[in-house]
Amino acid sequence: MRAKIIGTGSCLPDRCVTNEYLSTIMDTSDEWIKSRTGIRERHLVSSETETTLTLAVKAAKAALADSGVLPEELGLILVATVSSDFITPSTACMVQKELGASHAAAFDINAACSGFLFALNTVDAYFQAGIYQTALIIGVETLSKIIDWKDRSTCVLFGDGAGAVVVKAAEEGLIASLQGSDGSGGDILICKNRTNNNPYISTGTDPDFLYMDGQEVFKFAVKKEPECINALLKQAGFDASDVTYYLLHQANFRIIASIARKLKLPLEKFPSNVSHCGNTSAASIPILLDEVHREGKLSEGDLLLLSGFGAGLTWGAALLRW
Ligand code: COA
């Protein structure tokens, strides 16, 4: 049995922050951000009632409603995030409590922007092993809390949000998937946690902000993502043109356009929401999937290829039948 997505949901914070607004609080411009990334605006949490947990729960409830699955029917809840509200308990356990999904096992996955794909692959492996039959996967981030708002080269890129899918074990769903990591390249996109602090050693306790070498990440993305997509298509025995839609990690529209060019495909096959969401890391692919689904663009039997890359370094792709 394979993982079949039977419901989607998403949630963006209420506050929409435009490039124009950012240009009033830092040395940047709408023109610079739009021309380098395609981003026009992003949503940021702006009240105590908006947290990683509350965004995740809203997206999850929407996905459950869309699927018709009840919380008690869930066997597994996986949350992909690098910006949980607590180190422990996991966001997944907190979501479980809020939903009353009392029969589910729940844990978080940290694979940065590839996290949703790693979670989908994990669920699929559990289904293939016959361990679970129904799962909820959430990608959620409030990256705005770990971003350095004095670093204009990173803070304009990211947004907050959550996307969720309900997945059932079925004869047909996920067809093939790939995932990979290269820890040796990890220093181009990092965010340190607390450092040593005990009676024997104290090196400071303040967590750090996100640091990114944008040009190196760009080079990594435009090389690794098409390689991964081509390897997956070859493994599954499909041509690039067989795929109905490519739902890629929404980091930068120039990266998406570069991948479309390398695959020799029209941009119409690459739906994008980066212009109004920015980069929402682990949430970006499920938010995009939910938007495309709710806009009525998907038909039963469509072939979807989901792919992304991120800190770690990590990358992944999944080919599935809608
Ligand atoms: N507004 C205005 N100017 C800015 C700016 C901003 N927000 N951020 C940086 N600049 C300036 C720089 O200071 C630099 O000025 P200088 O030439 O006087 O030194 C200039 O713009 C060019 O900066 P550079 O870093 O070379 O820009 P770039 O063309 O490489 O674009 C990124 C920067 C971040 C948009 C691009 O590298 C990128 O998209 N990288 C991938 C990031 C990514 O996908 N991350 C997600 C990983 S999951």
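A polar contact is a pair of N or O atoms within 3.5 Å. The legends below apply to a predicted model.

**Figure 1. Polar side chains at the ligand.** A polar side-chain atom of Arg36 lies 2.9 Å from an oxygen atom of the ligand. For Trp32, the separation between a side-chain N or O atom and an oxygen atom of the ligand is 3.1 Å.

Figure 2. Helix H7 covers residues 214-236.

**Figure 3. Packing of helices H3 and H4.** Two packed helices are described by the angle between their axes and the distance between the axes. Helix H3 spans residues 52-67 and helix H4 spans residues 91-99; their axes come within 10 Å and cross at roughly 55 degrees. This angle makes H3 oblique to H4. The crossing of the two helices, H3 and H4, is right-handed. On the H3 side, the contact involves Thr52, Leu53, Ala56, Val57, Ala60, Lys61 and Leu64. These residues meet Thr91, Met94, Val95, Glu98 and Leu99 of H4. Sorted by class, the contact of H3 with H4 comprises eight nonpolar, two polar and two charged residues.

**Figure 4. Packing of helices H7 and H8.** The axes of helix H7 (residues 214-236) and helix H8 (residues 253-262) come within 10 Å, with a crossing angle of roughly 40 degrees. H7 and H8 are therefore oblique to each other. Their crossing is right-handed. H7 contributes Phe218, Ala221, Val222, Lys223, Glu225, Pro226 and Ile229 to the contact, while H8 contributes Arg254, Ile255, Ser258, Ile259 and Lys262. By class, seven nonpolar, one polar and four charged residues form the contact of H7 with H8.

Figure 5. The peptide bond that runs from Thr88 to Pro89 is cis, and its omega is near 0 degrees. Pro89 belongs to the loop that connects strand S4 (76-80) with H4. Helix H4, which is also shown in the view of its packing with H3, consists of residues 91-99.

**Figure 6. Cis peptide bond between Gly312 and Leu313.** Gly312 and Leu313 are joined by a cis peptide bond with an omega of about -5 degrees. Leu313 is located in the loop between strand S12 (303-310) and strand S13 (314-321).

**Figure 7. Backbone of Ala112.** Although Ala112 is not a glycine, its phi is positive, at about 50 degrees. Ala112 sits in the loop between strand S5 (105-109) and helix H5 (115-128).

Key
Residues numbered from 1 in each chain as written. Predicted model: local features only at pLDDT ≥ 70, side-chain atom pairs only at ≥ 80, totals over all residues. Heavy atoms only, no water. Axes fitted to C-alpha atoms, helices over the stretch in contact; angles between N-to-C directions. Helix = DSSP H or I, 4+ residues; strand = E, 2+ residues; numbered from the N terminus. Parallel < 35°, antiparallel > 145°, perpendicular 65-115°, else oblique. Left-handed = near helix turned anticlockwise from the far one by under 90°. Contact = heavy atoms within 4.5 Å. Nonpolar A, V, L, I, M, F, W, Y, C, P; charged D, E, K, R; others polar. Polar contact = N/O pair within 3.5 Å; in protein donor to acceptor, adjacent residues only side chain to side chain.
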